[in-house]
Amino acid sequence: MSEHRSDSAAPAAVGDPGELVPIPPAAARLGELFAAAGHQLFLVGGPVRDALMGREVNDLDFTTDARPEQVLQLVAGVASGTWTTGIDFGTVGAQIGGQPCEITTFRADSYDRVSRNPVVAFGTDIAEDLRRRDFTMNAMAVSVTDRRLIDPHGGLADLARGVLRTPATPQESFGDDPLRMLRAARFVAQLGVTPAEPVIEAISQMSGELSRITAERVQAELNKLIAGPFPRRGLEVLVDTGLADVVLPELPALRMAADEHGQHKDVYAHTLQVLDQAIELEQREPGAQPDLVLRWAALLHDIGKPDTRRFVDGPGQAKQVTFHHHEVVGARLAKARLKALKFPKDQTEDIVRLVFLHLRFYGYGRGEWTDSAVRRYVADAGPLLERLHKLVRSDTTTRNKRKAAMLAATYDALEERIARLREQEELDAIRPDLDGTEIMAILRVKPGPLVGKAYKHLLELRMEHGPLTHEQAVQALRAWHADQQS
């Protein structure tokens with residue numbers, strides 16, 4: 001059971017930690033308005049935590065004893081715009097001096113333990129409001145008017161120690177809102193904190209409760225986790241506690257499959273290493289931002305292995321494990337999982353395409369591919385080519401330095417061939433040498449299936465032989481058409 005601290009809502013002492021939290025002009029202006037009307041106003045939650053960590057603070061979240069209708073009246077004269085989408089839950093949004101602000105009345109909610117929607121009840125006390133929040137490091141508030149830090153649950157100490165605890169017992173907190181369990185893993189990935197043992201125990205006991213959370217909310221949390229600085233740590237929490245069994249079962253399933261490289265205890269460990277290496281390559285680019293498509297592709301690239309694992313006879317009495325066509329099965333499984341998580345269609349297609357293509361390079365051998373094969377590799381990857389480069393290079397996790405160097409040199413050679421072909425051809429936009437209008441004019445036909453077949457034939461010639469002159473393309477088209485007529 002988590003420890004509880006006494007209410008520290010006392011006058012600020014000299015050097016109060018609240019003084020470490022900057023009060024932006026928008027917040028100060030609001031504070032003056034609320035104080036003049038006899039109301040309290042506190043900066044609360046994430047903005048306080050991030051300011052104390054030295055992280056950038058963007059949106060501002062406030063809590064107050066004023067009711068929503070009173071908040072609307074107070075901000076009317078200073079807000080350039082307001083929104084009330086969350087007013088049923090006590091939240092009013094306002095744009096103050098170009099700064100988005102959300103102001104929520106003190107809450108004393110109860111939960112039905114069936115959905116995650118609370119029975120909204122407004123409170124009158126800041127300490128009561130903070131107790132209903134998810135984690136102690138998010139259960140701190142700073143008075144906007146006198147800079148007092150309100151920290152009844154020891155959030156500042158937990159933040160300093162990098163420990164994730166809940167204000168109430170973890171069972172009570174997660175029973176109220178199971179999404180908080182997923183948020184715990186997300187904060188591990190974002191902030192590098194470590195969940196307290198009671199938190200881990202409660203999540204392990206209650207992980208099944210996450211099934212009552214909507215796919216959209218789960219997806220949003222998983223994306224934030226994957227985009228964090230430490231996604232591997234967050235994913236390990238998901239797997240170790242059983243949360244992944246509910247929202248991403250393909251990941252723990254990888255622990256059951258032996259890696260054919262023989263250098264990892266399982267494909268799960270290999271996958272996490274590939275993710276780490278993909279992120280390292282991603283971050284080498286100046287100003288790089290987290291690439292969700294690449295990171296998800298790295299995480300899902302081998303999920304077809306458990307279903308394709310086969311044991312075959314090897315040299316002597318040894319058995320060898322194979323995963324033939326795991327990229328095909330993996331692409332299908334990735335599409336199904338991303339669809340279940342309500343991912344956007346275009347993002348799903350990109351991730352699935354990378355999973356499907358990630359093994360193609362291993363057919364390159366020692367450079368025996370023809371120029372036609374190189375063109376097809378580029379054309380199939382399309383705008384995902386640079387991501388595919390990163391994914392393939394990240395997929396080398398062998399501890400055999402000689403083998404790793406050989407694979408890297410081979411991929412270097414492939415990229416050099418792609419670069420040379422780019423200089424010679426419009427490799428990134430491979431199209432037939434004649435377009436549909438030209439095909440119809442040369443063959444004197446109207447739009448229809450024949451035009452599509454002719455276009456496809458010319459595209460195959462372009463792949464196989466590179467660019468043709470206009471005359472060569474016309475001759476090839478007419479020869480093909482004549483064969484179709486015979």
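Student: Which residues is F62 in contact with, sequence neighbours within four places aside?
Tutor: In this predicted model, F62 is in contact with A27, L30, L41, F42, L43, V44, C101, E102, I103, T104 and V144, leaving aside those neighbours.

Student: And what core is F62 part of?
Tutor: F62 belongs to the largest nonpolar core, which has 108 residues. Along with F34 and Y377, F62 is among those with the most contacts inside that core. Helix α7, residues 179-191, gives the most to this core, with nine residues.

Student: How many residues are in the other core that lies apart from it?
Tutor: That core has 13 residues, among them I439, L443, V451 and A473.

Student: Back to T104 for a moment. Where is T104 placed?
Tutor: T104 is in strand β5, which covers residues 99-105.

Student: Is T104 buried or exposed?
Tutor: Buried: its relative accessibility is 15%, and the cut-off for buried is under 20%.

Student: What does the side chain of T104 make a polar contact with?
Tutor: The side chain of T91, at 2.7 Å. T104 is also in contact with F62, T63, T64, F89 and G90.

Student: New topic: α13. Why is α13 described as largely enclosed?
Tutor: Because 12 of its 16 residues are buried, α13 is largely enclosed by the rest of the structure. The buried ones include Y268, H270, L275 and E282.

Student: Which helices do the buried residues of α13 pack against?
Tutor: They pack against α10, α12, α14, α15 and α19.

Student: And what happens at the start of α13?
Tutor: There, a side-chain oxygen of D266 reaches to within 3.3 Å of the backbone nitrogen of Y268.

Notes
Residues numbered from 1 in each chain as written. Predicted model: local features only at pLDDT ≥ 70, side-chain atom pairs only at ≥ 80, totals over all residues. Heavy atoms only, no water. Buried < 20%, exposed > 50% of the residue type's maximum accessible area, 1.4 Å probe, protein only. Helix = DSSP H or I, 4+ residues; strand = E, 2+ residues; numbered from the N terminus. Contact = heavy atoms within 4.5 Å. Polar contact = N/O pair within 3.5 Å; in protein donor to acceptor, adjacent residues only side chain to side chain. Core = buried A, V, L, I, M, F, W, Y, C linked by side-chain atoms within 4.5 Å.
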